[in-house]
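Please examine the model shown below.

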Amino acid sequence: MRHSTLRQLEVFEAIARLGSFTRAAEELFLTQPTVSMQIKKLSDDVGLPLFEQIGKKMYLTDAGRELYRTCKGIFEHLAQFEMVTSDMKGLKTGKLRLAVVTTAKYFAPRLLGMFCQQYPGVEVSLKVSNRERVLERLAGNQDDLYILGQPPEEADVVAEAFLENPLVVLAPARHVLAQKKKIPLKRIAEEPFLLREPGSGTRIATERVFAEQGLKLKVRMELGSNEAIKQAVIGGLGVSVLSSHTLALDAPAGQFAVLNVQGFPIQRHWYFAYPASKQLSIVARTFADYLRQASRLMSAPAG
Ligand code: PGA
């Protein structure tokens with residue numbers, strides 16, 4: 001084992017985590033032959049095979065599973081060491097790993113851009129997935145901070161609201177309800193409805209509001225992104241409930257109507273969150289402070 005390099009362990013960890021040589025090669029920007037060669041050297045050194053192929057699927061052997069556990073420990077210790085030393089240096093350098101829900105992509109990159117201008121030494125990675133995936137990443141302690149539209153229910157998670165996130169009812173501009181005031185929610189439940197995919201925070205919040213009034217949505221279609229929903233609304237396929245942030249950047253003017261529905265906009269907030277047991281790095285703490293301040297400059301577009 002003593003001849004194995006950290007790089008080989010890094011390659012092994014990526015394959016074990018992603019379950020594929022190809023995806024590991026992509027993530028590490030290596031060619032597949034390089035990845036295979038590193039793993040061959042590593043398993044020669046261990047003296048046992050680390051993976052086994054059954055049918056099309058690849059599994060860790062017992063030795064592989066043991067090595068994966070060991071690797072995770074090593075990398076966690078190294079990250080901890082880097083964090084402590086960068087704190088010692090008092091420098092705002094290092095890595096910031098963020099995972100945000102799909103809808104946060106309408107403002108998170110802009111906030112990050114401003115942050116990076118202030119701290120050019122910080123290297124940022126941003127993962128965008130729906131709420132369910134972000135919660136999985138949080139449970140697996142894969143990032144420094146997480147941005148979601150609703151705090152996770154677990155008690156051992158710290159969550160802090162930093163920005164408003166109103167949800168509005170969206171219809172095509174020429175919809176019959178476009179000029180109406182105080183439309184009852186019941187009336188919206190009669191319209192064909194476009195709903196986000198399961199696991200989406202927007203979907204959970206929307207379904208809750210209708211269910212609270214004993215109403216059932218007339219779902220016409222489920223769509224996996226806010227953009228697809230906006231296009232379907234423009235196309236006249238139905239109405240939907242989306243965060244008003246989704247209208248901020250590129251909504252073609254005049255193609256949507258935000259309906260005046262009783263109980264809307266739903267007042268929600270964006271939260272940043274992290275596991276309570278996690279010791280935030282100086283970079284993550286600085287970004288959290290920055291979020292608290294930046295939110296004052298970035299109010300949500302009017303619903
Ligand atoms: P979503 O989350 O992008 O997964 O719908 C947004 C939210 O929770 O507000």
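A backbone N or O atom of G201 lies 3.0 Å from an oxygen atom of the ligand. This pair and two others are listed below as polar contacts, that is, pairs of N or O atoms within 3.5 Å.

| Residue | Part of residue | Distance to a ligand oxygen atom |
|---|---|---|
| G201 | backbone N or O atom | 3.0 Å |
| R131 | backbone N or O atom | 3.1 Å |
| R196 | side-chain N or O atom | 3.2 Å |

The protein covers 100% of the 280 Å² of accessible area that the ligand has on its own (Shrake-Rupley method, 1.4 Å probe).

The model is predicted; local features need pLDDT of at least 70, side-chain atom pairs count only at pLDDT 80 or more, and totals for chains, interfaces and linings use all residues. Residues are numbered from 1 along each chain as its sequence is written, and side-chain values use heavy atoms, without hydrogens and water.

Around the ligand there are 13 residues, of which T103, S200, G201, T202 and R268 come nearest (a residue is near if one of its heavy atoms lies within 4 Å). By class, this shell has two nonpolar, eight polar and three charged residues, with Gly counted as polar and Asp, Glu, Lys and Arg as charged.

The domain assignment, automatic or from a database, gives domain 1 (6-71), domain 2 (91-164 + 269-299) and domain 3 (167-258). The centres of domain 2 and domain 3, taken over C-alpha atoms, are 27 Å apart. Their contact (heavy atoms within 4.5 Å) takes twelve residues from domain 2 and 16 residues from domain 3. Each of these two domains also supplies at least three residues to the shell around the ligand.

Technical notes. Polar contact = N/O pair within 3.5 Å; in protein donor to acceptor, adjacent residues only side chain to side chain.
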